[in-house]
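Subject: Structure handover

Hello,

Here is the structure I said I would pass on. Please open it alongside this note.

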Amino acid sequence: MELAKKLIMTFKNHEDKKVSLSVEDPKAEITEAEIKSVMDLIVAKNIFAPNGMDLIAAVEAKVVATDTTPYDLVIG
């Protein structure tokens, strides 16, 4: 089994649409305060503009863990 983690940060743009940015393998001890700080910095510095639309507010963040079980199937 392989456990993969991803931090998903969701923002709102000028059209009031949600846009998500993800970070693979966030550090295990990341805190809510650190995430909020980075999200606020992304908005304040206008670092990203997906589809040409500026991000105007942080909406939510979550860490998603995916457990994958690969199978070595012999087909033929």
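Below is what I found, taken element by element. Keep in mind that this is a predicted model.

Strand 1 with strand 3

Strand 1 and strand 3 run antiparallel and are joined by 12 bridges. Leu3 stands opposite Asp67 of strand 3. Phe11 has Ala58 of strand 3 as its bridge partner.

Strand 1 with strand 2

Strand 1 and strand 2 also run antiparallel, and seven bridges join them. Ile8 has Ser22 of strand 2 as its bridge partner. Met9 stands opposite Leu21 in strand 2. The hairpin of these two strands has four residues between them. In that hairpin, Asp16 takes a positive phi near 65°.

The helix

What span should the 14 residues of helix 1 have? At 1.5 Å a residue, they should span 20 Å. The end C-alpha atoms are 20 Å apart, so the model agrees with that figure.

Which residues of helix 1 are buried? They are Ile35, Met39 and Ile42. Seen down the helix axis, the buried residues fall within an arc of 55°, so they line one face of helix 1. Ala33, Ala44 and Lys45 are exposed on the other side. Just after helix 1, Asn46 takes a positive phi of about 55°.

Helix on sheet

The buried residues of helix 1 pack against strand 1 and strand 3, the latter covering 55-68.

The core

The largest nonpolar core has nine residues. They are Leu7, Met9, Phe11, Val19, Leu21, Ile35, Met39, Ile42 and Leu55. Strand 1 (2-13), strand 2 (18-24) and helix 1 (32-45) each supply at least two residues of this core.

Two residues to look at

Ile42 is one of the core residues. Leaving out residues up to four places away in sequence, Ile42 touches Met9, Phe11, Ile47, Phe48 and Leu55.

Thr10 is found in strand 1. Is Thr10 buried or exposed? Its relative accessible area is 5%, and buried means under 20%, so Thr10 is buried. Under the same exclusion of residues up to four places away, Thr10 touches Lys18, Val19, Ser20, Met39, Ala58, Val59 and Glu60.

Best wishes

Definitions and conventions. Residues are numbered from 1 along each chain as its sequence is written. This is a predicted model: local features need pLDDT of at least 70, side-chain atom pairs count only at pLDDT 80 or more; totals for chains, interfaces and linings use all residues. Side-chain values use heavy atoms; hydrogens and water are left out. A nonpolar core is a set of buried Ala, Val, Leu, Ile, Met, Phe, Trp, Tyr and Cys residues joined through side-chain atoms within 4.5 Å. Buried means under 20% relative accessible area, exposed over 50%, partly exposed in between (1.4 Å probe, protein chains only). Contact means heavy atoms within 4.5 Å. The expected span of a helix is 1.5 Å times one less than its number of residues. The arc is that of the directions from the helix axis to the C-beta atoms. Two strands pair if DSSP finds at least two bridges between them.
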